[in-house]
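Subject: Structure handover

Hello,

Below is the structure I said I would pass on. My notes on it follow.

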Amino acid sequence: MTLNQLTAHEAINLIKKKRITAYEIMQDIFNQIDKVDNLIKAFLVINREEALKQAKEIDKKVKNGEKLPPLAGVAVAIKDIIATRGTETTCGSKILKGFIPPYNATVINRLREAGAIIIGKTNMDEFAMGSSTENSAFGPTYNPWDLERVPGGSSGGSSAAVAADETFVALGTDTGGSIRQPASLCGMVGLKPTYGRVSRYGLVAYASSLDQIGPIAKDVTDCALVMKVISGHDNMDSTSVNLEVPDYLKSCQEGIKDLKVGVPKEYFIEGIDPEVKGALDKALKIFEKLGAKIEEASLPHTEYSLPTYYLIATAEASSNLARYDGVQYGYRAEEYEDLSSMYQKTRSEGFGSEVKRRIMLGTYALSSGYYDAYYLKAQKVRTLIKEDFDKVFSKYDILITPTSPTPAFKLNEKVSDPLTMYLSDIYTIPINLAGIPAISLNCGYSKGNLPIGLQIIGKHFSEETILRAAFNFEQNNGVEKKKPSIKPAKHKEAKK
Amino acid sequence: MKKEVVIGLEIHIQLMTKAKMFCHCSTDYIGKEPNTNTCPVCLGLPGSLPVLNKKVLEFAIRTAVALNCEINQVSKFHRKNYFYPDLPKAYQISQYDIPLGINGYMEISLPESKEKHRIGITRVHTEEDAGKLVHEGDIASSSYSLVDYNRCGIPLAEIVTEPDFRSPEEARIFLVKLRSIVQHLGVCDGNMEEGSMRCDANVSLRDAKSSTLGTKAEIKNMNSFKAVKKALQFEVGRQKKLLAEGIEIIQETRHWDESKNVTVSMRSKEEAHDYRYFPEPDLLPLKIDLRMTDEIRRNLPELPEARRERFIKNYQIPEYDAEILTSSKALGDFYEKATSLYSNSKVLSNWIMGELIRYLNENKVGIEDSPISPEKLVGMLKLIDEGIVSGKMAKGIFEKMFKTGKDASKIVKESGITQITDKNELFEVIDRVIKENPRSVEDFNEGKEKALHYLVGQVMRYTKGRAKPDFVFNALKQRLK
Amino acid sequence: MTEKIITKKEVEYVAELAKLEFNEEEKEEFTSQLNSILDYFKKLNELDTERVEPTAYVISMPNLLNEDKVKPSLPQDEVLFNSKYVKKGYFKVPRIM
């Protein structure tokens, strides 16, 4: 076993006990990256030298007997949509290729202060628009469990990197499921915080009222560790909430006896893969065994969440992405006649087709004459969706659902039909609309050895509760703890 | 059918906070090297977010309160989306359907008729300023524009009036008063030439008895109060002529050309903008409770009207003087400082309204940069009171004070032009003049008063104005008896 | 056949607003794709939302207001760093006609 295969909390412990050094950890991390990333392609940028340097500094601190910050020596990979000072930040897009921010996102500063070592930036669907990482301008990322399949998206690179032991933890972002779904498809733990729990300063905006940064990790404990560090009020973000950050680790330890669990019937419709349903049923029995009380619940407006999401997200995106015009930074077209054509050519050449489609939709929804029918209508339906959750959480502590209706699908399987792709988001989107937290974690594997994810949803600022439920399930679910073998297709025997 | 002029104004004022509206860059951007007064927030870099400067809110509410607006208890920011190189986010954070203040008014006084006219204030809201463009090259060859973002994010308050002006002069009077108000409020320095106060106008004509508005033209690019009046006069004239010829007015934006003194249509360059307003998701709705508004109202600085009344009452100066002295905050401050050092407030008023303002205007210097401070002015007046210089001499000294910035006593010392107080010296000159002008003496003895004035004049000539005229007058009379 | 919600002309207008350009083939494709998506959005009309308030902000909390304090700006070279189209400290763009 190599050091990169540890969890973050295991590594921290060993560093503290001086059994291993941070430098040794980094060496194993980069060895793994060198070994597998040409197959997985999780990373866009790797900060090898800087990481090794920081590892040495941690080791010096250990040697001097200094008190270590909470994430000392922990390798963290960052989704390329989060601003890192001095390191290229592309958002998976040609239009930002070469862009080097002169500042750090708040979460980056918090991770650095906590002693974490940022090892690189990970691949993603362009501007977080997509659920497979196939929309990246720099090529797809491949699922470590089956290199012919997608890792999910839009935080596919982050999720794959953690699953492939190329990093301990990663940061992803979630606007409509982009942390939870890839975590589910890669067998990892991914948490989308309550809207406002984690600062968005430095998060390149897709849909401002839906975006959140969150951790992707190998287990619930690591997830809680990172949440403790990145959460909390930020003076640079007017939408970040001024609420104390609880000790997420501590709250994991308590049991879940008498926890009231709701299972929304609208999530178990036709189209759910029978193996996913089977894994969920098994998981619910485990919760019952642990003392939870399980009942059927209802979120009657679930079916309206997709059009609602797409109208709000694309409208906000059309405005957020208008700044990419080639004037100050990023791609600028080489040939144009005047200012207007410079804008048009830059944006048309720099953006991929999914991004352009969403910008067009959003622009249309906000345009004169259509605002009431589309955007305003969607904001009203959003209220109804939020109220569904308010009602349900007056009765239940958490909701349990699948994270994705299917395990990881094959590359190119769904990209051609945009509507099909949208449908696969149905389990995750309502959560963003309501602004509530949710965590995805592994609950089993399909016959094809593909991970199946379970989603635990809580009410606003109940991260403690969902982490506790997740931790208890993780410790008692009897699911085999395994790692992907990361073999390229030609090495696989006729396994099909 | 007599045509009535209908004008509405849209004014933008830069708020004098220390930091910009949504970030901590300085608002002191004028004269700075390009792109040295910016940060990720006002540059709109990917991932940046706005946080409202509380002083901006305070200043904007102060302005709305002073304009008698109702203050909305909840106010929202909206995004106004359009593409332009001086707008880095490709949207401006502004306000749309729920501004800070609504339904206000300001009364203006028409000078000849003394009639009071109430101008409705439709709304007061805040928004961020954009950057600046500099154009280079000529239109034919490879021309380009240069972008400087230093001004991005400077806080603005937008004040929109009802179309209540009935003449260009009214609009000008309003602007002068508004400038004085915002200066007194301490929220803006009201400098149209430097761009801290900007004005666009909507102009239309209608039949005198009608209540329906005519088609309006929007006039932009007026960079001084004088330009506003000239532009509006031109536009009213242009529309009158067209209507008289039976030609319809086209709704369009027109640009004031200062060099040609005409408004020019911008129609070919204008596209109807679809701004796609929607609530700014990065800023929560502003909750402005009554307590905050009341506190601002209670602590409102003295407004020009109130100051004018106080000047009339406390300093016993006529309304005309008070009106001029309160036409700008700086001028009022100057006067008050002077009155704290010298009791004859009317004399001060005369000197300030007369000589000082004349020199300031001639040399295009603002009162804030006056080389003669209140202390220096009072210093000079004291010399007159003490008889060291005469009133007439003082005018010459004043000019020197303005040109050199030196104080009166220094100038007097350096040029040795003190008033002659030595009676013997004076009588010497008086006796000489009497001796040299027998004819005038004769005339005087025959009862011609004019001759005495001539003799006084001669004494003044000999003493190069340094004799005290009253004394000379009486002394001559005495001698001639 | 479903009634067209958005015409090709409207697609062109929206493209102009968004400063995007498409060739004829792309315009056709976009028009049909957008139409099927917008058709799907009609679903929202099934809900009566007349008395429902829109949720523009999913959280409610006191306004965050910053102090009126000046902090250092970015140095000019960092501001200009990401563009090769700069001159005398300015960003250079084609002339606005």
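In chain A, 32 residues of domain 1 are in contact with 25 residues of domain 2; two residues are in contact if their C-beta atoms, placed from the backbone, lie within 7 Å. This is a predicted model, in which local features need pLDDT of at least 70, side-chain atom pairs count only at pLDDT 80 or more, and totals for chains, interfaces and linings use all residues. Residues are numbered from 1 along each chain as its sequence is written, while chains are lettered from A and ligands numbered from 1 in the order in which they are written.

Domains of chain A

Domain 1 of chain A covers 3-299 + 390-485, and domain 2 of chain A covers 302-382; the bounds come from an automatic or database domain assignment. The centres of these two domains of chain A, taken over C-alpha atoms, are 27 Å apart. On the side of domain 1 of chain A that touches domain 2 of chain A, helix 14 (418-423) and helix 15 (429-434) each supply at least two residues. Helix 15 of chain A gives the most to that side, with four residues. Helices (H or I, at least four residues) and strands (E, at least two) are DSSP runs, numbered from the N terminus. By class, that side of domain 1 of chain A has 19 nonpolar, eight polar and five charged residues. Here Ala, Val, Leu, Ile, Met, Phe, Trp, Tyr, Cys and Pro count as nonpolar, Asp, Glu, Lys and Arg as charged, and the others, Gly among them, as polar.

Contacts between chains

Between chain C and chain A, the contact involves 40 residues of chain C and 52 residues of chain A. Helix 1 (8-17), helix 2 (24-41) and strand 3 (90-94) of chain C are the elements that give two or more residues to the chain C side. Helix 2 of chain C gives the most, with seven residues. The side of chain C that touches chain A divides into 28 nonpolar, seven polar and five charged residues.

Chain A also touches chain B, with 30 residues from chain A and 25 residues from chain B. Helix 10 (residues 305-320) of chain A gives the most to the chain A side, with three residues. That side has 15 nonpolar, ten polar and five charged residues.

Chain B

The domain assignment gives chain B domain 1 (3-294), domain 2 (302-415) and domain 3 (423-480). The centres of domain 1 and domain 3 of chain B, taken over C-alpha atoms, are separated by 65 Å.

Which residues of helix 5 of chain B are buried? They are P304(B), R307(B), R308(B) and F311(B). Seen down the axis of helix 5 of chain B, these buried residues fall within an arc of 105°, so they line one face of the helix; the arc is that of the directions from the helix axis to the C-beta atoms. The face turned away from the buried side of helix 5 of chain B carries the exposed residues K313(B) and N314(B). A residue is buried if 20 or more other C-beta atoms lie within 10 Å of its own, exposed if 12 or fewer, and partly exposed in between, with C-beta atoms placed from the backbone. The buried residues of helix 5 pack against helix 2 (168-185), helix 6 (319-325) and helix 7 (329-341) of chain B. After helix 5 of chain B comes Q316(B), whose phi is positive, near 50°.

Regards
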